[in-house]
Amino acid sequence: MWCYRGGSISTEPRINDRIRVPEVRLVGPSGEQVGIVPLAKALELAQEYDLDLVEVAANARPPVCKLMDYGKFKYESAMKAREARKNQAHTVIKEMKLRPKIDPHDYDTKKGHVVRFLKQGDKVKITIMFRGREQSRPELGYRLLQRLASDVEDLGFIESNPKQDGRNMIMVLGPHKKKTEAMAEAREAQAARKAEAKANPGKSQNAAETDSVDEDIADEVETDEVETAEAPAEASAEA
């Protein structure tokens with residue numbers, strides 16, 4: 001009777017006694033080529049240097065092994081991967097929804113969100129939602145989109161021109177500043193404020209809150225997904 005015994009496949013290299021070949025091509029601790037030696041001799045040299053014998057090229061014939069401190073190697077690799085993820089920036093599309101006859105206060109609030117997104121180096125998808133008889137007045141939505149694009153032109157540009165999509169009209173704004181640049185500037189500003197706070201212990205609570213926001217921006221490593229910014233209460237539809 002056939003029986004499946006599945007399990008995860010280890011990606012860790014074989015080390016020391018886990019290596020099961022008669023001979024290996026050995027590389028010394030400093031990268032020098034020792035040559036092809038019996039496995040027993042390689043293990044003996046590893047013990048002599050107080051290091052690990054690590055298989056670095058299992059598909060070679062014979063396999064290539066290196067003498068190294070495997071624990072230190074794993075730690076340094078993990079730190080390099082962490083630093084790479086920290087500096088990695090993914091394109092994120094934020095979304096902001098508006099109504100054709102939006103209240104001035106709501107418009108200012110939503111424009112503030114768009115400004116914040118563009119400063120962070122994110123794209124912003126602007127959606128104008130038409131309801132009822134508003135669908136017969138697409139020019140209202142077009143003018144609103146053009147107004148918003150004009151208000152934030154110093155931070156972003158129109159990447160995708162307004163177009164009708166069913167009951168909605170959509171426009172995409174792209175930031176002038178790249179995501180990596182925005183993250184780097186946020187880290188620099190945060191470091192400067194921390195240095196100032198250290199020099200002046202009487203730092204205000206508001207400044208501390210600003211540091212917290214910038215830290216979130218600087219450490220942001222997001223997956224490629226669309227995030228929707230929830231809209232506050234809209235003005236009522238035209239009667």
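1. Asn-16 lies in the segment before S1. Helices (H or I, at least four residues) and strands (E, at least two) are DSSP runs, numbered from the N terminus. Asn-16 is not a glycine, yet has a positive phi of about 50°. Asn-16 counts as partly exposed because its relative accessible area is 22%. The cut-offs are these: buried means under 20% relative accessible area, exposed over 50%, and partly exposed in between (1.4 Å probe, protein chains only).

2. A word on the basis of this note. The model is predicted, so local features need pLDDT of at least 70 and side-chain atom pairs count only at pLDDT 80 or more, while totals for chains, interfaces and linings use all residues. Residues are numbered from 1 along each chain as its sequence is written, and side-chain values use heavy atoms, with hydrogens and water left out.

3. Now the overall make-up. The protein chain has six helices and nine strands. Of its 239 residues, 32% are buried. Contact means heavy atoms within 4.5 Å. Among contacts between residues at least 6 apart in sequence, 62% join residues at least 24 apart.

4. Strands S1 (residues 23-27) and S2 (residues 33-38) run antiparallel and are joined by five bridges. Two strands pair if DSSP finds at least two bridges between them. Arg-25 has Ile-36 in S2 as its bridge partner. Five residues separate S1 and S2 in this hairpin. In the turn, Gly-31 has a positive phi of about 90°.

5. Two backbone details deserve a look. Asp-50 has a positive phi of about 60° and is not a glycine. Asp-50 is placed in the loop between helix H1 (39-49) and S3. Its relative accessibility is 69%, so Asp-50 counts as exposed. Further on, a cis peptide bond joins Arg-61 and Pro-62, with omega about -5°. Pro-62 sits in the loop between strand S3 (52-57) and strand S4 (64-68).

6. The structure holds one aromatic pair. Tyr-70 and Phe-73 form this pair, and they are stacked, at 6.2 Å centre to centre with 25° between the planes. Rings of Phe, Tyr and Trp (its six-membered ring) pair if their centres lie within 6.5 Å; planes under 30 degrees apart count as stacked, over 60 as edge-to-face and the rest as tilted. Both residues lie in helix H2 (residues 70-86), three residues apart, about one turn of the helix. Tyr-70 counts as buried because its relative accessibility is 10%. Phe-73, at 39%, counts as partly exposed.

7. Another ring carries a charge. Arg-147 lies over the face of Tyr-107, at 3.9 Å from the ring centre. The rule asks for NZ of Lys or CZ of Arg within 6 Å of the ring centre and within 35 degrees of the ring normal.

8. Which residues touch the most other members of the largest nonpolar core? They are Met-96, Leu-98, Val-114, Val-124, Ile-126, Ile-128 and Leu-173, out of 20 residues. Strand S5 (93-98), helix H3 (104-119), strand S6 (123-129), helix H4 (138-151) and strand S8 (168-175) each give two or more residues to this core. H3 gives the most, with five residues. A nonpolar core is a set of buried Ala, Val, Leu, Ile, Met, Phe, Trp, Tyr and Cys residues joined through side-chain atoms within 4.5 Å.

9. Leaving aside residues up to four places away in sequence, Val-114 touches Met-96, Val-124, Ile-126, Leu-148, Val-152 and Leu-173. A second, separate core has 12 residues, including Val-24, Ala-42, Leu-45 and Cys-65.

10. How many salt bridges are there? The count comes to five. A salt bridge is a side-chain nitrogen of Lys or Arg within 4 Å of a carboxyl oxygen of Asp or Glu. One of them joins the side chains of Lys-74 and Glu-12 (3.9 Å, N to O). Lys-74 lies in helix H2 and Glu-12 in the segment before S1, so the pair ties together parts 62 residues apart in sequence. Lys-74 is partly exposed, with a relative accessible area of 41%, and Glu-12 is partly exposed, with 41%.

11. Glu-159 forms a salt bridge with Lys-123, the closest N and O atoms being 3.0 Å apart. Glu-159 lies in strand S7 (residues 156-165) and Lys-123 in strand S6, so this pair ties together parts 36 residues apart in sequence.
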